[in-house]
Amino acid sequence: MSTAAAPVRTLRAGTVLADLLPSSRVRDVALVVGGAALTGLAAQLSVPVPGSPVPVSGQTFAALLVGTALGARHGFLALALYAVAGMAGVPWFAQGSSGYAMPSFGYVLGMLLAATVVGALARRGADRSVLRTAGTMVLGSAVVYAVGVPYLALATGMSLGQAVAAGLTPFLIGDALKAALAMGALPAAWKLVGRKG
C-alpha cells in the first residue's frame, strides 16, 4: 500500500500574500473593501500632535501593509475606495474626520500612491526579508510625506520648512516603530507559507 505525498505548493515569481487565496471576483472585491476598511479602522487609532494639524495614526501603517499584501493594483483600489468614501463623508479618516478640505488630506493622497509603489515592490519580493521589508516601508513612508507635506504647506499657508517641522519631523520615531513591526510581520507571514526571502 502506497501513500501519495501531499502536493507541495510552489509560489510563482511575482506573488503577493493575497495571491495565496483562491482567485475570484468575490475575493478581489473582498480584498479591496477589506483593505479600505482596515485602513479606516487603523486611522481611528490616532493621537493629536501639539502644534500640528496632522495626528499620529495607524492609517499610514495600514495603507502600506495593504499595498504590500495586496499588490499594486488591489492596493491602489483599496486606498482609492478609502479616499473616495472619506471624501464622500464616511468618517474614517484620522480622528473620525472626512472630506477633502482638511490640511492632512495630502497624506491620504500620498498613501494611495505609496500603496501602489510598495505593492509593485512586493511583487518583486521586497516583503520577503527583514532588510528588504524595511527598505520598502521607508520608501512607502517617503512617498506619503512627498505628497502630504507640500499639500500641508499649501493648505495652511505654512512655509515648506514649517510644514516639515509640523508634518514630518514629529512622526519619524513612530514611522521607525511601524517599519519595525512590518519588518517582523511580513517576512514571518512568508515563512509561515513556506516561502523564505
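Predicted model: local features only at pLDDT ≥ 70, side-chain atom pairs only at ≥ 80, totals over all residues.
**Helix H3**

Select residues 105–122, which form helix H3. The 18 residues of this helix should span 26 Å at 1.5 Å a residue, and the C-alpha atoms at its ends are 26 Å apart, so the two values agree.

Next, colour the buried residues of H3, among them Phe-105, Tyr-107, Val-108, Met-111, Leu-112, Ala-115 and Val-118. Gly-106, Gly-110 and Gly-119 are also buried. To see what the buried residues of H3 pack against, display helix H2 (59–87), helix H4 (130–156) and helix H5 (160–167).

**The nonpolar core**

In soluble globular proteins, nonpolar side chains tend to be buried together. Which residues have the most contacts inside the largest nonpolar core? Select Leu-79, Tyr-82, Phe-93, Tyr-107 and Val-108; these hold that place in a core of 47 residues. At least two residues of this core come from each of H1, H2, H3, H4 and helix H6 (172–192). H2 provides the largest share, 12 residues.

Now centre the view on Leu-79. Neighbours within four places in sequence aside, Leu-79 is in contact with Thr-39, Ala-63, Val-66, Met-111, Leu-112 and Ala-115.

**A surface patch**

Finally, show the surface and select Val-29, Val-33 and Leu-81, which make a nonpolar patch of about 230 Å². Val-33 lies in helix H1 (residues 25–43).

Notes
Residues numbered from 1 in each chain as written. Heavy atoms only, no water. Patch = residues over 30% accessible without salt bridge, like charges linked within 9 Å, V, L, I, M, F, W, Y side chains within 5 Å. Areas by Shrake-Rupley, 256 points an atom, 1.4 Å probe, with all protein chains shown as cover. Salt bridge = Lys/Arg side-chain N within 4 Å of Asp/Glu carboxyl O. Helix = DSSP H or I, 4+ residues; strand = E, 2+ residues; numbered from the N terminus. Expected span 1.5 Å × (residues − 1). Buried < 20%, exposed > 50% of the residue type's maximum accessible area, 1.4 Å probe, protein only. Contact = heavy atoms within 4.5 Å. Core = buried A, V, L, I, M, F, W, Y, C linked by side-chain atoms within 4.5 Å.
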